[in-house]
Amino acid sequence: MLPGYKERSGVSDLGTDHSPLRAAIVGSGPSGFYAAEALLKSEPVVLVDMFERLPSPFGLVRSGVAPDHPKLKKPILVYQRIAESPQFQLLGNVMVGRDISVEELKDFYHVVVFTCGAEADRSLGIPGENLLGSHTATEFVGWYNGHPDYRDRVFDLSHDTAAIIGQGNVAVDVCRILSKTVDELKHSDIAKHALEVLAQSKIRDIHVIGRRGPAQAKFTHSELRELGELADSEPVVDPNDLELSPTSREELAARSNRANMKSYEVLQGFASRPPPTQHRRCHLRFLRSPVELKGQERLERVVLMKNRLEGEPSQQLARATGELEELACGVLFSSIGYRGVAIAGVPFDVGRGVFPNHEGRIVDGENIVPGLYVAGWIKRGPTGIIGTNRADSVATVKSLLTDLPNFDAGNKLGADGVRGLLKNRGIRVVSYPDWHRIDAAEVRQGKTNGKPREKFTRLEEMLAVLDHAQ
Ligand code: NAP
């Protein structure tokens, strides 16, 4: 018996046609859909209800993947097939923790699987971080992708220099969107308001700044390579910055670091280019950490500490040398990773920004919290590509199914009960067929401008589509 579960007597028929397992999934991004898929394919009979705080599903595939990377949005086709199962329901426009509590969910479902991702940012924690002109990549990405939370953010791109802190794929996405011409973006699903601002951008130099060296950068080689294939922007790398210490050379030579080696080779290619001639330049800079943002009314300069690396191969950390330099810049994007957000009623690991768990079972100290599970970024932290979440969700569902004999087999109402409760609270639930109508309206709007879709960027606009359809 798992610690936290009560001893049960007799054989339960939970998971049969007569008594299906009722599962709530909180969050409609990749890990949520992969958890739904695993549950629906499992031998026990499961009814899956997926909760999403926006009227639109698909999480970061809709509002995180860059608009100029349509191939990365292909998993949506898989999610659509999963959503069409008669055992699946979407309850969109419902925020768990605000519109319905976790305690209430436990009354309506045998199990709750949290797949709510990592919605907040890590902060730099340096003086001046809140100056006007200092932003997080999350805000910028949400804004150009039309996420309603970020619709009204203002990005002043009237300066000639931008700095991006961090060297992961999000940093590269931000750099590429700032670097591309309007012609390169206008047929993507980029939000209209963002394209209008980017069209007026005066930015010429973009510095992508990493605290460690070229052998440790987190971006992948294919994303990096694209910076060398843009219409009117070029990458700039100082060959001196690519000189490696014996430890970094050893690190790159390891089989497990093949991906970093490929990125390093792309950087070597960039360093051997002739001097840049194009309108914009993307400078890849290493071994520098921001220690202060300076400016009177708004950001004017970032103070950078030069670093050296210390430690064993593959575990090298950036250490301050004491040498400072300043970079004049009018806008800065901090792209140093995401953090999960707590939900009332669920244990939370503040240090790591995840729900503490043992193989996907949420734990409170040593004890398992019966019926609560977790998958995706809120389980393991913000790492990996979209597909990584599939194996992660499958592993969580495996734990859940192993525990099935321990569940309280009492009758649970699932969505039928939840809808009644939410109706009384004045919450308008957006179903999957409702989302279809919103989706079709976005696609129609996009056609006029030669885009795959023109996203609605306000909740009211999405809900208005449903009012008109009635
Ligand atoms: P990430 O890959 O973890 O990169 C974070 C970057 O921030 C690293 O360079 C890290 O340096 C740096 N950093 C962290 N804390 C810092 C601090 N206090 N000061 C300065 N630098 C700091 O995160 P991400 O770019 O947000 O991406 C998240 C995940 O989504 C990744 O798995 C990524 O591959 C994935 N993603 C994929 C795609 C794609 O496939 N096209 C696109 C976007 C995102 P250290 O290495 O020194 O920690």
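Me: How are helix axes and the angles between them defined here?
Reply: Axes are lines fitted to C-alpha atoms, for helices over the stretch in contact, and angles run from 0 to 180 degrees between N-to-C directions. Helices (H or I, at least four residues) and strands (E, at least two) are DSSP runs, numbered from the N terminus. The model is predicted: local features need pLDDT of at least 70, side-chain atom pairs count only at pLDDT 80 or more, and totals for chains, interfaces and linings use all residues. Residues are numbered from 1 along each chain as its sequence is written, and side-chain values use heavy atoms, with hydrogens and water left out.

Me: Which residues of α1 and α13 make the contact?
Reply: Contact means heavy atoms within 4.5 Å. Among the residues that make it are Y34 and L39 of α1 and R390 and V397 of α13.

Me: Why are α5 and α8 called roughly perpendicular?
Reply: Helix α5 (residues 137-144) packs with α8 at about 110 degrees, their axes being 7 Å apart. That angle falls in the range 65 to 115, so α5 and α8 are roughly perpendicular to each other. On the α5 side F140, W143 and Y144 take part, and they meet H193, A194, V197 and L198 in α8.

Me: How do you know whether S188 is buried or exposed?
Reply: Buried means under 20% relative accessible area, exposed over 50%, partly exposed in between (1.4 Å probe, protein chains only). S188 has 7% relative accessibility, so S188 counts as buried. S188 sits in the loop between α7 (182-185) and α8 (192-199). Leaving aside residues up to four places away in sequence, S188 touches P67, D68, K451 and P452.

Me: What makes L132 count as buried or exposed?
Reply: The relative accessibility of L132 is 54%, so L132 counts as exposed. L132 belongs to the loop between β5 (120-121) and β6 (134-136). Even so, L132 touches E297, R298 and L299, not counting residues up to four places away in sequence.

Notes: Parallel < 35°, antiparallel > 145°, perpendicular 65-115°, else oblique.
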